[in-house]
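Try each one before you read its solution.

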Amino acid sequence: MKILLPTDITQNSILAGTSIPDVDTSMGEVAWAQGTLYKVSDRRVYQGGVYACIQEHTALAGNLPSSSPTLWRFAGPSNRMAPFDPWLFTKAKAKGSITYIINGSFIDGIAVYGIANEDTVTISVKDGTTGVDIIPPTTQVLYEQAYGEYEYLFGNLGKASHTTVSDLPIHPNVNITITIQNVDPNVLVEVGHISVGSWKHFFSPLTTLSGAQYGVQARTKDYSFVEDNKDGTYTEIPGRKARDISVSCVISSDDASRADRILEAISGKAVAVEISDLPKYSHLSTVARVSGSVRVDNWSEATVELELKGNV
């Protein structure tokens, strides 16, 4: 089992060559501009965020959207920055393909979740100074694991919605290129979550195998609800879905302190979690807030109990 301890991705981390612009006019975005008269409900992009005007005013240098709560309300990330907030439902969208080039340092892992309408996902990692490949570009065609031979041969396999990369060589300056593409240039490609960082493993005692124990429980959390009407009828309000997971890991007692520090470091953060890299356990992967406890059982073993509350 492993958890990706993410590094912060800011606007400055996203490099030239990224296909989605700062202000994506193709998606109807408009940049905030000083000296403009704004009316209630106008939406403008400023420093990676979309802001909705809540009071009519003329924009001055001192009333920036990010620091004027009486004038502007934060409405969500821009199309370019959507994969870097905690939520999977806020997705970057573009016709045909999406490319991100992200600068990072001392990372060994990548996680991409909430992919939709893709045919291929290509990931490459280069030296940020020389442009030399640290790992060669790899192109994946993502499909869900077939339930059996019949489904594999004759079924209509669905496309998987996430992919991860592990064991990257540690380097102080890397440029990561992620391209999600559909062969049809008119299809709207989407991606909901991109994170880079360091995978933290929970190994079995004295091995490099996953310490996750059988009995892992995955639950689909449905945020739909029913609204009752006064005449006895009701309205079903569709909601987003998330995946919650409960898992127990047995690790070496020598690693108990490290496990506790990992839980402290990821507290309150949305992180990518992969229980197993075997395809048949692909459903045991999610982006979640993680809570848990570390119990030392005996001289050689400790148990980590984890609750993963999946993000929508």
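A salt bridge here is a side-chain nitrogen of Lys or Arg within 4 Å of a carboxyl oxygen of Asp or Glu. Keep in mind that this is a predicted model, where local features need pLDDT of at least 70 and side-chain atom pairs count only at pLDDT 80 or more, while totals for chains, interfaces and linings use all residues. Residues are numbered from 1 along each chain as its sequence is written, and side-chain values use heavy atoms, with hydrogens and water left out.

**Exercise 1.** Find the salt bridge partner of Asp222 and say where the two residues sit.

*Solution.* Start with the atoms: Asp222 pairs with Lys241, and their closest N and O atoms are 4.0 Å apart. Strands (E, at least two residues) are DSSP runs, numbered from the N terminus. Last, check the surface, where buried means under 20% relative accessible area, exposed over 50% and partly exposed in between (1.4 Å probe, protein chains only). Asp222 comes out partly exposed at 40%, and Lys241 is exposed at 52%.

**Exercise 2.** Work out what the salt bridge between Lys91 and Glu190 ties together.

*Solution.* First, the closest N and O atoms of Lys91 and Glu190 are 3.7 Å apart. Then look at the positions: Lys91 lies in the loop between β6 (72-77) and β7, and Glu190 in strand β14, so the pair ties together parts 99 residues apart in sequence. Finally, Lys91 is partly exposed at 23%, whereas Glu190 is buried at 15%.

Definitions and conventions: Helices (H or I, at least four residues) and strands (E, at least two) are DSSP runs, numbered from the N terminus.
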